[in-house]
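Here is a short tour of a protein assembly. Keep the sequence and the 3D view open as you read.

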Amino acid sequence: MTAVGRQRWLGPAMFLPSVLYIAVLIGVPFVLAILYAFSDARIGTTGIHLVGLENFRSILHSPSFHKAIRNSIVFTLSAQVIVIVCSNILSVALEKPFRGRGFIRFLILLPWVAPVSLGTIGWKWILDSIYSVFSWVLITAHMVKPYAAPMWLGEPHLAMASVVLVHCWRLIPFSTVIMLAGRSAIPKEIPEAAAIDGAGFWRTFFQIRIPIMAPILSVAVLFGIIFTFTDMTVVYILTAGGPFDSTQTLPSLAFATGIQGSDLAAGAAISLFLVPVLVAVAYLMLRVAHRAEVV
Amino acid sequence: MAVVETRNLTKVFKQGELGAVNDVNLVTREGEFLVFLGPSGSGKTTLLRMIAGLETPTSGEILIGGKVVNNLSPRDRRIAMVFQSYALYPHLSVYNNIAFPLKAQKVPKELHRQKVEWAAGLLGIGRLLERKPRELSGGERQRVALARAIVREPAVFLLDEPLSNLDAKLRTAAREELEQFQQRVATTTIYVTHDQVEAMAMGDRVVVMNFGSVRQIGTPAEVYDDPADTFVATFLGSPPMNLVEVGDVIVGFRPEHFFPVAQLAGRAAMPEDLRAVDREGPYFPLSFRVSHEEYLGAERILYGHLEGGRFHQKKAVSRLSSTHAARFESGSVYAFAVTEQRLKFFDREKGVRVPPVLDILRKP
Amino acid sequence: MTGRTPLGRVGGKALHVFVLAFFTIALAFPFFWMVIASFKQNGDLYTVENNPFLFNLPPTLDHLRFLFGQTRFVRWLGNTALVGAIVVAITLLLSVPAAYALTRLTGRWGQRLGIGIFLTYLIPPTLLFIPLSRVVAILGLQDSIFALVLVYPSMTIPFSIWLLMGFFKSIPRELEDAAMVDGLTRFGAFIRMVVPISISGILTVVIFSFTLVTQEFVYALTFISPESNQMIGVGIPIFLVRGDVYYWGALMAACLIASLPIAILYNSFLDRFIAGFTVGSVK
């Protein structure tokens, strides 16, 4: 033990570089974001002055901002609900081994493992207002008139649905895989005992499986919320926030204002509204981890 | 309470390979404690799970209470099962664990509390009702599992090695509790174990299995004293029966029936040496060179080789009570004997029991 | 389990197949679509009346020729590979020792610090990109891929430390104790014993870091403007366009070429990621 004691500096020496890196590249910018939000920083100027709550006042009056907050919440919640239902169904289907399961799993995972932007641009082609394959199918089935196909990304409600669709498309694989891990962690004998006790499929599912999987479910849901709520890529590529800000979200608005609009301060102020949700999620994750460890 | 019957029951997991369960025919008796005994891989658990409805048979029929149940789901068979791991629902309290089958079977809510308390009272766990499974000891968990099983008043109890997760000390106490419990509720019970001591202690009858087939069904006395083949003979009893190949047969005799008659090394035969001989009839003498001895407190186990004639160099084990004071030197040869009546004969090829062929032994 | 009539069993199986088919098609369809678009002639691609599922004109390699010959696609691939390699190196260099130290050398508060580090993973680029854009400009790294080399490890290190901590925890202490009894120092035991055993965990970190680099969008978009310095994640959706018109054929080909290798790589290490996400959550 004394040999280790003499090398007391070893531990800190090994982790300090990482801690410093994170502190400097995450901690400092985080503080700066707060600072900028209360300043008049712009791209192109070097100095900054503190302006109090000026930025917050103006963004709170901006209709774009209201739309962005509403959209962020709506998109995240609706995507999450759809993802939970779909991934539960899919994980049940994938649970038992069958021939070709590995290949099917690979195909199912593609939306998640392929880069976000590339999957999204693929969808942009599929949802193109003129050449969309969905439109072609509807026209051929005589459900819509030729050349009068829906503007998947051009009509506000359809555009919102499209954004939610792409988010779901990306998240379902991720959620499914985590759900599968959760299901396989349930000891085999417990659903069997439930069957013998007289529980059917649904009772076993809701009263036995889901509660036991609760910690892992929570992890999947919390990560899913983060991925959707803080994402700007899908919106930026698919609709650039349009039409008329109907698909704008907090992150995409922050980008549009801060970088494209050169108003760093306003952009920072907008992005700060992400923080409450992040804090809530972090807190819930800690609760889940803590409960799991105690168990 | 019902009788469980299987007819030509077979389960094959992989085409072309030997089945996990092969053509099993058995009938339980009402209210009996029937034990499925066998080494791992013998098919005893698969057989139990088929009776429970957790595995689908490849062929054959299962009947409970006279009705063919092959197409019935587990919950429609009026059985209850206790798993090796107890399979308690970790997120529910003991009360809700026991109440779960009542809820699932849509028993009216007003009756729940009364039934749960009755089952809990039967097993002495009334004070644990608010606890969660993770807060309970192994023995307590077993009792909760039993309470959950009994609360529905099933026709048949199925138990899958419920004692194997307990440590040795606890096991004997838990075993006693189980036996008493079964006598109290008098429900037909099928109990799976690989432990032959448990099987002999608890079972009214024992079904000895190996490689998916039933080797013998009988009372503990029957399977022990009258084994149907060499597998049963060696699986029951510890140390196992001595088996010696002689010509076309295998001769078997249990270590406790293999006793010293006199020492060739000088001491005259003592009365206790011949005591068993007088009562049971003529004995067959064997020379035994002792190689080493184990002193186990209540018993002494002697290991060595037989000498002379057709038995030369064959290994043998003798089991003596510690009240037997004689000392045995390693390397010396002693006069031992087995009562002729106690010798069992088995066919050499298949190991099946055959009638005694004493002349074989007498040939040089 | 038994209990279904033969009809019930057939119905169940049909439902099973339907569910699988539905989701597989729904999820993999866009990539199938990319394949088709990559090889369709423009005349075919942009004719609305044509059945998009068929090759009405013979397939062509024109898009690929265009992609590799007349766009900066290859350059983007190079940039991404370079940034990826350097970021992986930095990540390994920093996170492997850190994870080890937090697992073995620091006790209680080390665990807490580990959790804290993991939580920083929850701070998204969309919160930090604005101040970081200023920092990058001040450091003179604006428009350089080295801006990304600097910033990306802040995303890869937290999760890598978390992953590796779980991994190191499962290695028995006795191994290092035995090595130290044999004469190695603590650090020597770490390098000679623990690291070689942890190769699969380290490989997982490598794959994860690399795929994170290829997936990233916000920082690359924010810090880098010139086309030739861009990464594939941003270059493909943004620069394969003239004015308002997208080169869909080449675009889809590029997506496919960029996505598939990453997908295959990620897929092979998926189980380890899941273990990282769910460590401690499941009993």
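## Where chain B meets chain A

B:R148 and A:D197 form a salt bridge, with their closest N and O atoms 3.6 Å apart. This is a predicted model. Across the interface of chain B and chain A, the rule finds 3 salt bridges. There are also 8 residue pairs in polar contact between chain B and chain A, both residues at pLDDT 80 or more.

Which elements of chain B give two or more residues to the side that touches chain A? They are α1 (44-52), β6 (79-82) and α2 (94-104) of chain B. Of these, α2(B) gives the most, with 4 residues. By class, this side of chain B has 14 nonpolar, 4 polar and 7 charged residues.

Now take the interface as a whole. Here 25 residues of chain B are in contact with 18 residues of chain A. The two chains bury about 1800 Å² between them. Carbon and sulfur atoms make up 60% of that area.

## Where chain C meets chain A

Turn to the other partner of chain A. In this interface, 100 residues of chain C are in contact with 99 residues of chain A. The buried area is about 8500 Å². Carbon and sulfur atoms give 80% of it.

How many salt bridges does the rule find across the interface of chain C and chain A? The number is 0. Polar contacts do occur, with a count of 14 residue pairs, both residues at pLDDT 80 or more. Helix α1 (residues 6-39) of chain C provides the largest share of the side that touches chain A, 14 residues. That side of chain C divides into 74 nonpolar, 21 polar and 5 charged residues.

## The build of chain C

Chain C has 15 helices and 2 strands. Its C-alpha trace spans about 75 × 70 × 35 Å along the principal axes. The radius of gyration of chain C is 24 Å, whereas a compact globule of 283 residues would have one near 19 Å.

Buried residues make up 52% of the 283 residues in chain C. Next, look at the contacts in chain C with a separation of 6 or more. Residues 24 or more positions apart account for 72% of them.

## A serine in chain A

Find A:S72 in helix α4 (residues 63-95) of chain A. Is A:S72 buried or exposed? It counts as buried, because its relative accessibility is 2% and the cut-off for buried is under 20%.

Leave out residues up to four places away in sequence, and A:S72 touches A:F229, A:T249, A:L250 and A:P251. A polar atom of the A:S72 side chain lies 3.0 Å from the backbone nitrogen of A:L250.

## Backbone details

Two cis peptide bonds deserve a look. One runs from A:G242 to A:P243, with omega near -10°. A:P243 sits in the loop between α11 (233-238) and α12 (250-260) of chain A. Another cis bond runs from B:S238 to B:P239, with omega near 0°. B:P239 is in the loop between α8 (230-235) and β11 (242-246) of chain B.

Next come positive phi values. B:N8 is not a glycine, yet its phi is near 50°. B:N8 lies in strand β1 (residues 4-11) of chain B and is partly exposed, with a relative accessible area of 39%. B:E161 is not a glycine either, and its phi is about 45°. B:E161 sits in the loop between β7 (156-160) and α5 (168-185) of chain B. At 10% relative accessibility, B:E161 counts as buried.

Conventions:
Residues are numbered from 1 along each chain as its sequence is written. Chains are lettered from A and ligands numbered from 1 in the order in which they are written. Side-chain values use heavy atoms; hydrogens and water are left out. Contact means heavy atoms within 4.5 Å. Buried area is the accessible area (1.4 Å probe) that two parts lose on being put together, summed over both. A salt bridge is a side-chain nitrogen of Lys or Arg within 4 Å of a carboxyl oxygen of Asp or Glu. A polar contact is a pair of N or O atoms within 3.5 Å; within protein, one must be able to donate a hydrogen and the other to accept it, and residues adjacent in sequence count only if both atoms are side-chain atoms. Ala, Val, Leu, Ile, Met, Phe, Trp, Tyr, Cys and Pro count as nonpolar, Asp, Glu, Lys and Arg as charged, and the others, Gly among them, as polar. The radius of gyration is taken over C-alpha atoms; the globule rule is 2.2 Å times the number of residues to the power 0.38. Buried means under 20% relative accessible area, exposed over 50%, partly exposed in between (1.4 Å probe, protein chains only).
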